[in-house]
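The sequence and structure come first, and the discussion follows.

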Amino acid sequence: MNHQDQITNDTLSNDTEEGRPDKEKTEWPDSPTSADSFSHGKLIEEGNDVEQRIIDAGEAKYHRLGWKRLTIMLIVEAIALGSLSMPSAFATLGMVAGVICSVGVGMLAIYTSYIIGQVKLAYPFVRHYGDAGTLMMGRTGYELFTAMFLLQLIFVTGSHCLTGTIAFRQITGSDVCSLVFGIVSAIILLLLAIPSSFADMAFLGYIDFASIIGAIGITVIATGIKASNEPGGLPAVNWSPISQDSPTFAQAFIAITNIVFAYSFATCQFSFMDEMHTPKDYIKSIWALGLLQIVIYTITGATIYAFVGQDVKSPALLSAGTMISRIALGVALPVIFISGSINIIVAGRLIHGRIYENSVIRYVNTPKAWITWLAVISSITVISWIIAEAIPFFSDLLSISSSLFASGFSFYIPPVMWLMLLRKGKWYSKENVFFSVVNGLVFIIGIVILVGGLYSSIQDVRSNYKAGKVHGAFSCGPV
């Protein structure tokens, strides 16, 4: 808790029922574009100074992000160990197609993120994707988008928990039951998620960024040295400008989706922008993040693929040798857990805010609010851990959930939001026709990702079952 949470509890406890303000029960409105239609509800104050002070402190607590801090939060969400899957994607697609996909998808992600930001500026009461669903489809849209949003966050959190388990096993080289490392990973994720404000998490973003850059740097240097010391040196590395192994449709599309989902940073953008003190500055953040991602992902994919060749592993740090991979994983531990904890906070804020939409408890700056906040994020963490341990083909299930949800949040839904919420005049009017064509193409790309990603992921699940690669649920063995 910080100084903004130091509210006069004695005054609260002595407050009589007669002195408390009546709360207006927010019913779902006929017009989904009104302020009352959004998930955070609305408090009607009638002169209660204590609750007004809680509200003022809460509003101040949750509106402290500037564009630089927003960039850091987007980096924490976006740039994680997924960047180390880029070299294997390049190996499947070939160097030329890999670079084109990396740069092209990155520019596409910047554009769709721009649309999301414009929606937030046009409708300031939108706090997450569920609220955007309200604008588009009323109550049905709110419930549908909220469910998709929560499922994606929970599955991604489970992925980070599982990644932590794998990292601890690799680093220690011990035979300790994987369940133990899974529990330790879940506890670390929970502890890092205790701060409810993204501004309070921003300082960890610098550690997170340094962590992933360090892990990538170690891997690039180690693979480069290893390749130089091999017979024939760097010229003998088996890399190619085009695909070498004639991959199947499923293999090629999984490589493409690895690149696509590495750029899916728009999922939490509404939630992050809601804490900005100057939301219009978000454009600086998405350009800074987008260009940074393009540079990091393209250089990482191209250089490690050029140093290792067709035998590059995923994550790529496993291609640098046992000792170096342990060092790189150790350096990468902060990014595994800091990035994972952000998903817990976003999900927790959504659930906690909905439970207490008409109460000052939603601000998480009173004792009761902190107790309920800890209960909510603990429940999310436990569910994520259970999913990570209970589903034997978890990585493929995550790919399926990403195909279903992330492809929409980051690619095919933003063009629809432009059409329904931002467009002024006919779509074929002189001022709209260019953007109509662009958004139509982006929508088609998003749908192709949805369908192709689902098909490829399901095919991979079937292949893994046939090959006996699926480990048991709650297994003590390697994961």
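D274 and K120 are both buried, and their side chains meet in a salt bridge with an N to O distance of 2.8 Å. Because D274 lies in the loop between α10 (269-273) and α11 (282-308) while K120 belongs to helix α5 (residues 95-122), the pair ties together parts that are 154 residues apart in sequence. The two residues also belong, together with R127, to a network of salt bridges. In this predicted model, the structure holds four salt bridges.

## Salt bridges at E143

E143 takes part in a salt bridge with R139, at 2.8 Å from N to O, and the two residues are separated by about one helical turn, being four residues apart in helix α6. A salt bridge also joins the side chains of E143 and R354, at 2.7 Å from N to O; since R354 lies in helix α12 (residues 322-355) and E143 in helix α6, this pair ties together parts that are 211 residues apart in sequence.

The residues concerned are partly exposed: E143 has a relative accessibility of 29%, R139 has a relative accessible area of 40%, and R354 has one of 31%.

## The course of helix α6

Helix α6 (residues 129-172) comprises 44 residues, yet its end C-alpha atoms are only 40 Å apart, short of the 64 Å that a straight helix would reach at 1.5 Å a residue. A kink of about 150 degrees is centred on M137, and the helix is followed by G173, whose phi is positive, near 65 degrees. Of the 44 residues of α6, 32 are buried, so the helix is largely enclosed by the rest of the structure.

The structure holds 14 aromatic pairs, among them the stacked pair of F168 and F181, with 5.9 Å centre to centre and 25 degrees between the planes. As F168 lies in helix α6 and F181 in helix α7 (residues 178-192), the pair ties together parts that are 13 residues apart in sequence. F168 counts as buried at 16% relative accessibility, and F181 is buried with a relative accessible area of 10%.

F249 and Y455 form a tilted pair, at 5.8 Å centre to centre and 55 degrees between the planes; this pair links distant parts of the chain, with F249 in helix α9 (residues 249-262) and Y455 in helix α15 (residues 433-467), 206 residues apart. Ring pairs also link Y129, F145, F149, F270 and F409 into a cluster.

How values were computed. Residues numbered from 1 in each chain as written. Predicted model: local features only at pLDDT ≥ 70, side-chain atom pairs only at ≥ 80, totals over all residues. Heavy atoms only, no water. Expected span 1.5 Å × (residues − 1). Bend = angle between axes of the 7 residues up to and from the residue. Buried < 20%, exposed > 50% of the residue type's maximum accessible area, 1.4 Å probe, protein only. Phe/Tyr/Trp six-rings, centres within 6.5 Å; stacked < 30°, edge-to-face > 60°.
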